[in-house]
Amino acid sequence: MSLLIQNGLVVTSTGSYTADVYVEDGKIKTIGANLDIAAQTIVDAKGKYVLPGAIDPHTHLAMPFMGTSAQDDYETGTIAAACGGVTCVVDFDLQQKGESILQALERKKSWAKDKVVVDYSLHPAIMDPRPEVIEEIKDAIQKYGTPSFKIFMVYDFRVDDATMIRLLKETKKYGGLVQVHAENVHIIDHLNEEFEKAGKLAPYYHAKSRPNIAEEEAVSRAAKMVEMTGSRIYIVHLSSKEGLDRVKEARNKGVNVFAETCPQYLLLDEERYKESGFNGAKYVMSPPLRTKESNKALWEGINQGHVQVVATDHCPFDIKGKKDMNGTDDYKKIPNGAPGIETLLILMHSEGVVKGRISLEKMVDVLSTATAKMFGLADKGDIQVGKDADIVIFDPKQKFTITQEKLHMNVDYTPYEGMQVTGMPVQVFSRGKKVSEWKDDHVEFVGQKGYGRFVKRIPLNKK
Ligand code: URP
Ligand code: ZN
Ligand code: ZN
């Protein structure tokens, strides 16, 4: 199968230029001006951007959580990804009690089989850190192709600090990476008790029960453990200015702390929890939405290189029946999480690039190139000869009003309902095969169930 994309603006993390891109057998074979090569499919990309497909390294597809399950499975979630210009997801795989890492991986791969429409990989989440599981980290990095491991400092399934230190040391030996959900559980438990006594149970108190300082303290503690062990850590869904300050402080000392943020922490703020009725529940996620000051600080963090990756934390639950708990009025019982996989690229372009907050090249870096490097996706993340032809033809002028009705995520709302964006993916290719395209007033899925492959990742840092 061959494909020639002509005259588009090829955007890379270091610069952009007009060129043709020739694809054969799923790989980028040649890039150059006016390529004289016959191809089965020719795409005229004049006036469009040719972007590497976005990579979402933070998804919770079909994840059992808080008495229910995240509603997008590998089929609906990756169809939504494809329609949003996301051509690779790295999904969390929560180890169950008694499971080995390999068993957890095989379980989640079986959920993906015959369903997944774009390429994917998995981050094992260590929830039952038995000695033999810690020993298995070597194989997970070297054999299974999963060199990053998620841990939580909150929730019932959190790990303690001693385990965190052990994991940091073990991953360091083989070039792995620990990813951490950093919030101080004791601060949150204490505030939960106080609000419970005071009868403060509305969604707004979800945000108040998880203040910035809870993130700041946990980031700071995690960074100290990294400093002590000489290892590396990646803070997932960084949300606050104060948390970012601790990331910067560590990085300025040469400590290997990396950070990810998400569109919701760049664009939305805690005022959303005050929406009428039980609508504030739409935004119940952890960490919670912060203030405009944190939004601004995080954009700066991206531009200064302290935040390397933008991901979604896609974890959708319907507002009707799930998040509203059929009328139960207690924020602590609302399933935490929100949809986002399909709006990642369009928000970062429209709110980031078009509004002048980041450059086009920076967008490509935080959505694709840096993400691929961070997680060892050697064949992804760039428009470069030899890479997988995961390519988005992006029309920077195409307008779209975000509405749940025109999106593909299996959920009854989007946090961005009614927002107008400029710029849409008009054709998306996964290893050279078209998986979605713009039709009339929305993007349609044109790919195939089961086409996606599990991608073995490589450890990047062997020190
Ligand atoms: O609220 C969130 N973020 N839900 C998903 C689980 C997590 O903590 O990432
Ligand atoms: Zn989390
Ligand atoms: Zn998450």
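**A close look at the metal site**

Modeller: Let's start with the zinc ion (ligand 3): its arrangement is irregular because the 4 donor atoms around it subtend angles of 88 to 137 degrees. Donors here are N, O and S atoms within 2.8 Å of the metal (3.2 Å for Na, K and Ca), and sites may look incomplete because water is not among the atoms. Four donors count as tetrahedral if all angles lie between 85 and 135 degrees; four count as square planar and six as octahedral if opposite donors are over 155 degrees apart and all others between 65 and 115; anything else is irregular.

Before going on, some ground rules. This is a predicted model, in which local features need pLDDT of at least 70 and side-chain atom pairs count only at pLDDT 80 or more, while totals for chains, interfaces and linings use all residues. Residues are numbered from 1 along each chain as its sequence is written, chains are lettered from A and ligands numbered from 1 in the order in which they are written, and side-chain values use heavy atoms, with hydrogens and water left out.

Which residues hold the zinc ion (ligand 3)? They are His58 (NE2), His60 (NE2) and Asp313 (OD), at 1.9 to 2.1 Å. Along the sequence, these donor residues follow the spacing H-x1-H-x252-D. His58 sits in strand 6 (residues 54–59) and Asp313 in the loop between strand 15 (309–310) and helix 11 (319–323), so the pair ties together parts that are 255 residues apart in sequence. Helices (H or I, at least four residues) and strands (E, at least two) are DSSP runs, numbered from the N terminus. Both His58 and Asp313 are buried, where buried means under 20% relative accessible area, exposed over 50%, and partly exposed in between (1.4 Å probe, protein chains only).

Now for the neighbouring metal. The zinc ion (ligand 2) is 3.7 Å from the zinc ion (ligand 3). His181 (ND1) and His237 (NE2) coordinate the zinc ion (ligand 2) at 2.1 Å. The site of the zinc ion (ligand 2) is irregular too, with angles of 57 to 148 degrees among its 4 donor atoms. Its two histidines link distant parts of the chain, 56 residues apart: His181 is in strand 12 (residues 177–181), and His237 is in the loop between strand 13 (232–235) and helix 8 (241–252). His181 counts as buried because its relative accessibility is 1%, and His237 is buried at 2%.

The residues around ligand 1 include His58, His60, His181, His237 and Asp313, along with Tyr155, Asn336 and Gly337; being near means having a heavy atom within 4 Å. The side chain of His181 has an N or O atom 3.0 Å from an oxygen atom of ligand 1. A backbone N or O atom of Asn336 is 3.1 Å from a nitrogen atom of ligand 1, and one of Gly337 is 3.3 Å from an oxygen atom of ligand 1. Taken alone, ligand 1 exposes 260 Å², and the protein buries 100% of that; such areas come from the Shrake-Rupley method with a 1.4 Å probe.

Tyr155 has a positive phi near 75 degrees although it is not a glycine. Tyr155 lies in the loop between strand 11 (148–152) and helix 4 (161–174), and it is buried, with a relative accessible area of 17%.

Notes:
Polar contact = N/O pair within 3.5 Å; in protein donor to acceptor, adjacent residues only side chain to side chain.
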